[in-house]
Amino acid sequence: MENNKLQMQVHPRGYVQSLVMKDDPYHMNWVIDNEYLKQASFNESDKLFGEFTITIDGQTINSTDNQPQVITKQQQVVVTYELLKKIQVTFEYDLSIEDQLNWHISLDNLTSENIKINNFGVWLSLAYVMFRDKNVAKNIHESAAVYPSISRDFTKINAVRRDNQSGNLGIYQTYGQTLSIGTYAAYNNLFFENVSPSLDGMLFHQLILAGGYDEHFENNDWIYDKSPVTVKASASISWHYVMKKNDSEQEFYKNASKVGQPTISYQPLNILHQPSYLTVNGDAHELVSVIAYAGEGGKQEVKLQFQQQLSNQYQVSFKPVMLGEHKIVFDFSDGTQDSVVLNVMTPLNEVIDKRVKYISEKLYQGKDGKTPYAFTPISNQGESLGKLSLVLKKNLMGTLDKQQVQQVEASAVNYVRPKWFINGDFKKPNNLYGDFYRCMDFEYIAHLFLLLSDFDNETLLLNSAEDYLQWAADVFMLRVNPDFHETKRGKEEARMLGVYFLYIQDLLKKLKQHGLTDYYEKINNLWQQVTNKINENRTTYQAAITEHYFDNAGFGPTAGALSEAGFKDGARMYGQLLLANIGYSNDFRVQNPDRWWEALAYMIHSLWGGVTAAATFKVYEALKNPAYLQASYRATAAIMYCYDTNSVTTAKLDEGMATSTYAVAGPHLNRPDLSRNRFGQSTFYSDGGIFKKLFNSANETPDWDMGEELVAYLDGIGQRTYLVHQDNHWSVINGTYEQQKNRIKVISFAPYQKEFWLIDDTGTKQLTESTLAQNYLFDIK
């Protein structure tokens with residue numbers, strides 16, 4: 001059946017077989033296709049769009065075990081299941097209204113007694129797929145990232161096509177109550193088979209309409225409801241969702257208003273005792289109260305004041321006095337309710353200082369450690385050295401602690417060099433992965449040596465700064481020169497971009513300054529070759545493939561590198577993939593760069609989320625399009641959650657601890673115990689498979705691949721605060737503000753040295769040179 005915009009098919013088994021936008025040049029199927037599952041040997045046909053799981057009075061039933069009645073009319077399909085002669089489940093798909101699909105779900109009690117529904121999860125299996133296809137265009141044009149905003153009465157979801165240009169699918173709840181959205185991952189990973197690309201898979205999303213967890217399940221997540229529902233005798237309960245196409249984030253929210261939803265803007269990251277602002281467009285909804293819930297179990301309630309600015313438009317402002325997640329709940333006069341989730345942290349320089357202190361005091365093994373001079377946890381992957389680079393960067397930008405620097409130096413000389421290189425020879429890498437090595441490891445090592453070269457010889461003990469610069473150049477040559485490798489994998493990876501885009505300009509500048517002209521010319525030539533080639537081939541998007549079939553570890557560094565190299569057209573093309581990769585939501589934790597495989601769920605991943613945020617910031621600097629700055633900051637706020645030791649909704653961390661992974665989804669249907677929780681990937685060791693090869697036990701500390709992303713943050717947006725004037729409205733990125741008559745006091749959240757900038761209709765302007773001042777007074781006149 002179809003209308004003017006959409007065309008859909010429902011399978012006789014009751015699930016949605018296809019949903020297509022009629023004007024789509026790529027004919028993308030917006031639901032996961034059962035034919036693709038069969039073709040790629042996945043066994044998840046029980047999780048297609050419209051299948052469900054329900055627990056009735058303690059008895060669990062799957063829709064796939066029951067044959068529904070399917071009635072098709074001209075623009076309507078009705079799918080009905082009768083279960084246990086107690087409950088009738090009905091799905092109505094209606095295309096009779098132009099431009100949209102109306103989806104109605106109902107539970108009818110067929111008995112004269114109340115029935116308890118312990119759990120009701122309906123699969124909303126949108127095309128969140130990493131296709132097993134080296135034709136990367138399929139992943140870009142026929143796959144979507146899925147960003148939910150979960151709200152009791154106004155849940156909204158945008159499925160954003162990964163090209164960010166060919167139309168997205170918005171889903172809006174207009175009736176009933178949605179408790180949460182869970183995910184299940186199906187994947188294939190051939191990492192240890194020494195093939196590249198090696199990973200593909202998909203996420204299946206599930207609307208949680210009741211329960212979502214086993215009866216005795218507990219975690220710290222008090223923000224989202226886990227309650228069962230009761231269908232009263234001979235009565236029914238129902239839910240209604242509207243699906244509409246949108247072409248942008250702005251249109252997604254405009255469509256929300258058109259179907260009667262409020263829209264709310266907020267600051268995702270807030271600092272204790274500093275002003276926080278929220279703006280509510282209630283549309284047809286009159287705001288009557290705003291309450292902030294915070295603290296353990298969300299038991300601390302604070303009623304917030306609000307001001308009406310226009311008809312049903314309001315501003316809420318407050319200064320948070322508690323750390324951790326805050327759920328801000330908005331009650332409207334018609335009994336409906338909306339909410340946002342924001343975070344409150346201590347000043348970020350304190351977060352970083354405590355993190356570095358923890359690394360130095362708790363993770364360093366020293367001369368007599370089990371692995372001498374290493375920082376735990378021990379890993380063969382270069383990513384694990386990011387924490388060493390963070391220690392050095394903090395000591396370069398903040399207060400110098402010579403002992404911290406000298407620990408890292410000892411580790412670099414006595415642990416890193418002999419481990420990754422045979423007899424310490426930078427031209428002879430060790431096969432740390434059985435019969436191969438990863439070129440990607442060397443970019444982290446080169447960065448470590450480069451940062452060591454920034455210290456004076458009074459601080460360094462074992463070698464001179466000049467020596468470490470030479471080491472950095474040698475290792476970097478191995479990273480980027482295919483001629484230095486004999487294997488096919490080595491030659492291919494040497495040509496791939498990686499995190500080195502973050503520091504290559506610093507390396508080149510320093511090589512030139514120190515007269516290492518031979519290194520400078522060779523490295524600069526290789527840099528120009530690789531960025532030229534990628535820019536020339538930008539329309540093929542080949543750099544979006546890495547070890548994985550589609551990967552922000554590919555298109556993130558590519559967009560950042562093309563920006564650094566001055567290729568604006570290439571930066572613009574790959575930049576669109578970044579905008580589609582960074583979420584927007586009423587929960588700050590959903591606004592991270594889209595990734596799933598380390599957590600087997602939609603997730604925050606500190607390293608690649610942070611590197612993607614840094615790449616997005618570099619695209620902003622090249623193109624001066626504020627959309628990239630806003631996206632980079634949204635992502636950064638989510639990444640900081642991995643370092644937040646004051647969280648009250650997830651696993652506790654000791655002061656200075658950090659964790660690489662946060663599973664946004666709840667429930668996490670692969671591992672329910674990880675739902676909305678922070679952990680390291682080693683937790684999957686007990687699941688076997690690839691994880692048993694990557695880790696030695698399930699108890700390894702959860703931060704093995706962290707640190708590089710904070711270095712990237714400190715080199716980029718972490719030094720800058722932006723005052724934005726748009727649509728006669730003031731806001732601040734990487735900070736907040738207070739208005740004082742004709743002046744605005746801009747308050748920076750940047751942890752160390754700072755620059756203040758202004759963005760308005762005339763463009764971007766720097767307001768200050770480098771300054772240590774925390775605040776800036778801006779005269780509006």
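These notebook entries record what I looked up in a predicted model.

**Entry 1: Tyr81**

I began with Tyr81 and located it in strand S6, which spans residues 76-83. Is Tyr81 buried or exposed? I found a relative accessible area of 1% for Tyr81. Tyr81 is therefore buried, since buried means under 20% relative accessible area.

I then listed the contacts of Tyr81, setting aside residues up to four places away in sequence. Among them are Arg13, Gly14, Glu51, Phe52, Ser63 and Asn66. Pro68, Ile87, Gln88, Val89 and Phe91 also touch Tyr81. I noted that the side chain of Tyr81 reaches the backbone oxygen of Arg13 at 3.5 Å. I also looked up Met243, which lies 162 residues from Tyr81 along the chain; their C-alpha atoms are separated by 23 Å.

**Entry 2: Nonpolar cores**

Which residues touch the most other members of the largest nonpolar core? I found that they are Trp103, Phe120 and Phe330, in a core of 242 residues. A second, separate core has 14 residues, including Ile32, Ala40, Ala186 and Phe204.

**Entry 3: Helices H4 and H5**

I turned to helix H4 (residues 348-363) and helix H5 (residues 386-397), whose axes are 10 Å apart. They pack at an angle of about 125°, and H4 and H5 are therefore oblique to each other. I recorded their crossing as left-handed. On the H4 side, the contact is made by Ile352, Asp353, Arg355, Val356, Ile359 and Leu363. H5 contributes Lys387, Leu390, Val391, Lys394 and Asn395.

Definitions and conventions:
Residues numbered from 1 in each chain as written. Predicted model: local features only at pLDDT ≥ 70, side-chain atom pairs only at ≥ 80, totals over all residues. Heavy atoms only, no water. Helix = DSSP H or I, 4+ residues; strand = E, 2+ residues; numbered from the N terminus. Buried < 20%, exposed > 50% of the residue type's maximum accessible area, 1.4 Å probe, protein only. Contact = heavy atoms within 4.5 Å. Polar contact = N/O pair within 3.5 Å; in protein donor to acceptor, adjacent residues only side chain to side chain. Core = buried A, V, L, I, M, F, W, Y, C linked by side-chain atoms within 4.5 Å. Axes fitted to C-alpha atoms, helices over the stretch in contact; angles between N-to-C directions. Parallel < 35°, antiparallel > 145°, perpendicular 65-115°, else oblique. Left-handed = near helix turned anticlockwise from the far one by under 90°.
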